[in-house]
Structures are given as structure tokens and as C-alpha cells.
Amino acid sequence: MKVLSLGKYHGDVGGIERHVRALLQSLPPEIQVVNLVANDGAVAESEFKHGISTVRSANYGSFASVALSPAMPALARKLHREQPFDVVHLHFPDPLGHLTALALPPTVRRVITWHSDIVRQRWLLAAYQPFLRSFVRNADALIGATPQHFSSSRQIPNGRPRQIREVIPYGFDPAPLAPSDESRRRRDELLSQRENRALIFSVGRHVYYKGFDVLIRAMRDVDADLIIGGRGPLTASLQRLATELGLDRRITFAGFIPDHLLVAYYEACDVFCMPSVERAEQFGLVQLEAMYCGKPVVATRLGTGVEYVTIDGVTGRLVTPKRADELANALRGLLEDAPLRKKLGDNGRARVLQMFSVEQMVSKTVDVYRRVLAETSPMAGIR
């Protein structure tokens with residue numbers, strides 16, 4: 001089986017890219033996969049690493065969160081001529097991937113993993129939505145990580161007859177969180193710097209829907225230190241906000257944290273917080289990382305898969321989005337109750353191990369590939 005994965009961007013840009021990497025690296029050897037992505041520069045490149053062929057299309061920036069990589073559709077056609085694909089697997093929202101898939105012949109089966117509705121770019125959505133709905137309606141299979149990905153979406157149309165719709169929870173690979181001598185040294189540094197003060201950790205791209213500004217405002221009423229990892233277009237404005245509120249001595253912006261050091265931050269903190277404010281946050285892989293490390297999570301009620309991961313009162317606390325006062329209350333309540341933190345943390349780790357393994361994600365995804373191909377086989381008939 002030959003699969004073309006349209007993986008959006010190259011590298012650890014966000015949750016979608018990390019999900020794609022975890023999936024592709026664990027596919028069985030009988031599936032040959034090419035991951036076609038937008039590069040982080042205006043040059044085309046390719047490499048073979050960890051059993052994955054990655055082809056990076058020259059990228060000239062972005063517009064409305066879409067990579068400006070005009071050569072990607074032609075590159076997909078070229079790859080298909082060299083080694084015809086059976087399946088193209090897209091990760092939505094991704095208008096560039098949508099356009100690229102249209103460059104392939106209809107004999108290539110289309111599988112879409114729906115990560116999120118398009119939330120912010122409403123003015124562009126008005127023009128794009130008819131094309132989006134048509135493409136999704138006629139896809140061979142649609143995958144969502146939680147039941148809420150289907151039930152809460154305002155943009156997923158009714159599928160055509162026999163379209164496969166499958167809930168496949170994201171798989172969590174704990175390997176990058178394995179402690180090392182380097183991570184232990186970093187953890188010890190963090191513990192010494194906090195001077196017995198409570199520590200909250202948060203990490204993600206610094207973009208509008210992550211809600212880091214709300215978390216910073218909440219910290220006015222929380223007697224603790226905060227480390228915010230990651231970077232993005234809002235980094236400078238978030239740093240200014242912390243300074244304006246007089247919190248710059250208690251809030252540290254750690255920048256990009258490589259995978260092998262993330263465990264140090266999870267181990268050093270008392271509570272993990274994911275303060276997302278918009279429905280663009282459909283899951284939050286960082287919740288799984290924190291839960292695996294035995295930390296309680298404070299997240300928000302968005303009506304999305306976030307609430308499938310963090311269960312209020314069982315693995316953490318859920319609060320109303322954009323409410324700094326509620327966020328502060330939840331954080332204080334956990335910081336003041338060590339036994340509760342341990343109970344919720346233990347529950348969270350058990351939930352990750354039970355529900356979110358890479359093995360189940362890969363097995364169910366491969367099954368979807370086989371089912372869409374079986375439906376188009378001579379024995380199954382032509383649709």
C-alpha cells in the first residue's frame with residue numbers, strides 16, 4: 001500500500017505536525033508513505049528518516065495560516081507519476097492540502113483526519129466553505145480524534161452513502177518524555193529556581209486561540225510562578241502584557257523546548273494549564289503529555305475534544321474560556337491541595353495509558369485505509 005500524507009508544515013510546528021509524525025513513524029513496513037509538507041524556507045528538499053520519506057515544498061510564507069507553497073500540487077502529481085499512490089491522507093483544516101489532493105486522479109482514495117473547524121478566518125471561510133463541504137462530503141473516509149470532533153463541528157457536512165466515519169483517539173508516544181541525564185539536570189535547575197514556590201507550566205504555539213493572555217491575567221491572583229513554553233506571532237505581546245501587569249518576575253518565557261527536555265518541565269511543575277479560548281482547540285496533545293507525567297490539568301470547556309481528554313474532577317479541572325477569575329480559582333484550588341493533585345495526576349496517567357496508545361491509533365488508521373481500498377476493489381464493485 002502506498003500512501004501520500006499531506007502533513008501541512010515541516011517540523012514541530014504544532015499538534016497536527018506532531019500527530020502526523022507519531023502516526024507515520026509507527027505505520028507497519030508494508031505501508032510505504034511519503035509525507036509532503038511545506039518547508040520552512042523558499043527551497044524544495046527531501047529526506048528519508050525514521051522510515052519516512054519527507055518531501056518539503058518551497059514555502060514563501062503564509063497567509064491566513066495557509067502556507068504559500070504554490071508548487072505543492074505539481075509536486076504531488078510528480079510523486080504520483082513516479083510511484084502511484086493508493087491513498088492520500090489529509091489533515092484538515094488545510095486548504096493547501098485540499099488543493100494538492102485535487103491535483104491527484106480520483107482513483108487515489110481520500111482519507112481526511114478532521115482536527116478542527118476553521119474558526120478565525122471567517123471572512124475567507126464564507127468563500128471557501130462550499131468547496132470544503134463538497135470535498136469532505138465526497139471523501140472516502142473521515143476520522144475524528146473524539147466523538148466531539150463530529151458532534152461539535154459546524155462545518156462537517158453529511159457524508160455520501162458508505163462514507164466511513166471513525167473515531168480514532170490520537171496516539172501518545174511516551175518515548176520523547178523518557179528522562180535522561182540532561183533532562184534531570186534541567187529539572188533540578190527548575191526546582192532550584194522556584195525556591196519552594198508553586199510552579200505552573202503551560203506550553204504551545206503563541207497564537208490567538210491558546211489563551212495565554214488569559215492565563216497571564218489570572219496569575220495576578222495566584223501566588224505561584226509560571227513558565228510558558230513555545231513561541232509564535234504573539235510572543236512579544238504576551239511578554240509586554242506580563243511586564244505591564246508587574247508579573248515579569250514571576251512569569252518566564254522559556255521559548256521553544258525540545259522534546260527531550262519537555263519532561264523536565266512537566267516533572268518540575270505542580271499543575272499544567274491549557275487555557276485555550278476558541279474551538280480551534282479541538283484536543284490538545286500537551287494535555288496527554290502532562291497527564292502521562294502524573295500532573296493534573298486545568299483546561300477550558302470549549303465543547304470540543306478537550307473535554308474528552310481532561311475529565312473535570314477526575315483528571316483535572318475545566319473552567320469557562322476567557323474567564324481569568326475562574327482560571328485563577330481552579331489553579332489556586334489545586335495548588336493548595338497536594339493530595340488532590342496527586343489523585344488527579346494518577347488518574348490522568350492511567351487514562352493516557354488506557355485510551356491513547358499509538359498502537360490503537362495506528363491499527364485503526366490502517367484499518368480505515370484497507371476498508372476504503374476494499375470498497376473500490378473489483379470484488380466490491382465500482383461506485
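Does Ala127 count as buried or exposed? Ala127 counts as exposed, because its relative accessibility is 54%. The terms here are buried for under 20% relative accessible area, exposed for over 50%, and partly exposed in between, with a 1.4 Å probe and protein chains only.

Before going on, the source. This is a predicted model, so local features need pLDDT of at least 70 and side-chain atom pairs count only at pLDDT 80 or more, while totals for chains, interfaces and linings use all residues. Residues are numbered from 1 along each chain as its sequence is written, and side-chain values use heavy atoms, with hydrogens and water left out.

Back to Ala127, which sits in helix α4, residues 122-137. From Ala127 to Thr300 it is 173 residues in sequence and 30 Å in space, C-alpha to C-alpha.

Phe48 also counts as exposed, because its relative accessibility is 60%. Phe48 belongs to strand β3, residues 45-49. Its C-alpha atom is 9.3 Å from that of Val34, 14 residues away along the chain.

Now the whole chain. There are 14 helices and 16 strands, taken as DSSP runs numbered from the N terminus (helices are H or I with at least four residues, strands are E with at least two). The radius of gyration is 21 Å, close to the 21 Å from the globule rule for 383 residues, so the chain is as compact as a globular protein of that length. That radius is taken over C-alpha atoms, and the rule is 2.2 Å times the number of residues to the power 0.38. Of the 383 residues, 54% count as buried.

Last, the cavities. How many cavities of 30 Å³ or more are there? The count is two. A cavity is a set of points on a 1 Å grid over the protein atoms alone, where a 1.4 Å probe fits but cannot get out, and lining residues have an atom within 4 Å of a point. Points are joined across faces, edges and corners, and the volume is the space filled by probe spheres set on them.

The second largest cavity has a volume of about 60 Å³. Its lining includes His19, His89, Tyr170 and Met361. Helix α1 (15-26), strand β9 (141-144) and helix α14 (358-375) each supply at least two of the lining residues. By class, that lining has six nonpolar, five polar and no charged residues. Nonpolar means Ala, Val, Leu, Ile, Met, Phe, Trp, Tyr, Cys and Pro; charged means Asp, Glu, Lys and Arg; the others, Gly among them, are polar.

Note on methods
On a 1 Å grid over the protein atoms alone, a cavity is a set of points where a 1.4 Å probe fits but cannot get out, and a pocket is an open set with protein on both sides within 12 Å along at least five of seven lines; lining residues have an atom within 4 Å of a point.
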